[in-house]
Amino acid sequence: MSQEILDRAHAEELDAADPLGGYRARFALDDPSLVYLNGNSLGALPLATMARMDSMIRAEWGAALAGSWDHWVDLPGRAGDLVGELTGAAPGQVVITDNTTVNLYKLASAALGARPGRHVIVTDQDNFPSDRYVLEGIAAQRGAELRMLATDINEGLAADAVRAAVDEDTALVSLSHVAYRSGALADMAAITEITHGAGALMLWDLSHSVGAVPIELDACDVDLAVGCTYKYLNSGPGAPAFLYVSARLREVLRQPIWGWFSQRDQFAMGPRYDPAAGIAKFTTGTPPILGTAAVEEGARLLLEAGIGPMRAKSMQLTSYLIDLADAWLIPLGCALATPREAGRRGGHVTFCHPRAEQVVGQLAAASIITDYRTPDRFRLGLSPLTTRFTDVWRAAGATRDILEQTR
Ligand SMILES: *Cc1c(COP(=O)(O)O)cnc(C)c1O
């Protein structure tokens with residue numbers, strides 16, 4: 001590695017050459033001294049979303065009141081189709097509804113219902129807590145077995161580990177596309193094919209991959225997917241999540257929460273539950289309209305930037321951070337806890353250090369926001385639309401200075 005890449009001037013050159021550099025001005029990031037590397041936990045606020053919320057509150061809620069339901073009612077499906085465009089899903093298969101945890105419950109339950117006689121759910125030890133807990137709960141309710149795969153928590157889950165775990169008893173394999181801790185990217189096409197080979201259904205959690213890596217749900221023949229919208233999709237705290245059900249399965253699956261928004265001919269107020277034919281079948285009750293509109297704005301902005309350019313910049317950002325870490329942080333006792341190969345990771349980079357929690361606190365005191373993950377890890381989330389190469393340079397340099405001072 002040449003010394004020059006360690007200079008601030010190099011980061012400035014990368015920023016100047018960045019085709020997505022202009023997008024940062026589309027966000028409410030007013031404090032020039034703030035380095036925000038936690039967009040994989042809560043994404044920044046797009047200016048378009050601020051304007052949309054203002055007009056929705058004043059005009060659509062304040063003035064037009066319940067009359068606005070005539071266009072609000074289609075919003076979850078409309079915004080869902082935009083998220084579908086980001087995730088390689090043809091229209092009518094994605095809807096914005098509930099939160100990721102509830103959506104996982106609905107789809108995993110539906111999947112088990114569609115595989116009678118099979119009693120095994122497969123997931124991995126390092127899957128996100130809510131995912132593991134929901135699957136544990138479903139297994140307990142149904143007398144099913146939850147098969148927990150051992151994962152290398154830095155390198156992620158290998159397709160062969162899934163191959164060795166599935167059999168004729170497996171009803172469902174449920175995994176995260178990008179691991180929340182390491183950022184490792186799973187091989188969606190290969191693992192989905194292995195799962196189908198055993199006759200099981202495949203459910204992907206896209207929370208840490210949507211908006212950061214290209215996703216091809218239809219092309220990979222995925223059955224089911226869920227994901228949250230407040231990370232790289234920038235839709236705001238508690239914005240509703242999305243779910244995907246392949247058109248192949250829409251008619252067959254039955255979800256467990258029978259609400260009036262999933263009823264065919266909802267306003268007939270009929271005596272018995274009769275599920276809607278389309279993707280609305282997987283919704284429940286009244287959708288959070290403001291949050292759903294924020295998802296629409298977030299998805300629009302990402303589609304405008306393009307997932308190709310975003311992935312290219314994301315890989316460049318994470319590679320640059322790893323180069324700086326090799327020079328500055330690894331010699332001071334940090335270990336890389338993310339795959340080294342750019343194609344095998346998502347948009348964040350994690351390091352291990354015995355004083356990780358203290359480092360995150362001291363970085364925050366210097367207006368550099370990162371994220372601590374138990375027991376000894378800190379994550380830097382590099383959002384392609386808002387992170388500058390000079391931000392990465394500053395964060396890596398400040399981490400080096402903190403580690404040197406507290407050695
Ligand atoms: C962030 C995240 C969630 C969040 O679930 P909520 O129900 O929205 O709190 C779920 N799964 C994964 C993999 C996540 O990264």
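Predicted model: local features only at pLDDT ≥ 70, side-chain atom pairs only at ≥ 80, totals over all residues.
Setting aside neighbours within four places in sequence, Val162 contacts Leu149, Leu157, Val173, Leu175, Ile191, Ile194 and Thr195.

Val162 also belongs to the largest nonpolar core, which has 49 residues. Together with Trp204, Leu217 and Leu385, Val162 touches the most other members of that core. Helix α10 (residues 289-305) gives this core its largest share, five residues. A second core is separate and has 34 residues, including Leu37, Ala325, Val349 and Leu380. In soluble globular proteins, nonpolar side chains tend to be buried together.

Helix α10 also packs against helix α4 (residues 75-86): their axes come within 9 Å and cross at roughly 30°. The angle is under 35 degrees, so α4 counts as roughly parallel to α10. Their crossing is left-handed. On the α4 side, the contact includes Leu75, Pro76, Ala79 and Leu82. On the α10 side, Ile289, Ala293, Val295 and Leu302 are among the residues involved. By class, this contact has twelve nonpolar, one polar and four charged residues.

The backbone has some exceptions to check. Most residues other than glycine have a negative phi, and most peptide bonds are trans. The bond from Thr374 to Pro375 is cis, with omega near 0°. Pro375 sits in the loop between β12 (371-373) and β13 (377-381). Two non-glycine residues with positive phi are listed below.

Technical notes:
Residues numbered from 1 in each chain as written. Heavy atoms only, no water. Core = buried A, V, L, I, M, F, W, Y, C linked by side-chain atoms within 4.5 Å. Buried < 20%, exposed > 50% of the residue type's maximum accessible area, 1.4 Å probe, protein only. Helix = DSSP H or I, 4+ residues; strand = E, 2+ residues; numbered from the N terminus. Contact = heavy atoms within 4.5 Å. Axes fitted to C-alpha atoms, helices over the stretch in contact; angles between N-to-C directions. Parallel < 35°, antiparallel > 145°, perpendicular 65-115°, else oblique. Left-handed = near helix turned anticlockwise from the far one by under 90°. Nonpolar A, V, L, I, M, F, W, Y, C, P; charged D, E, K, R; others polar.
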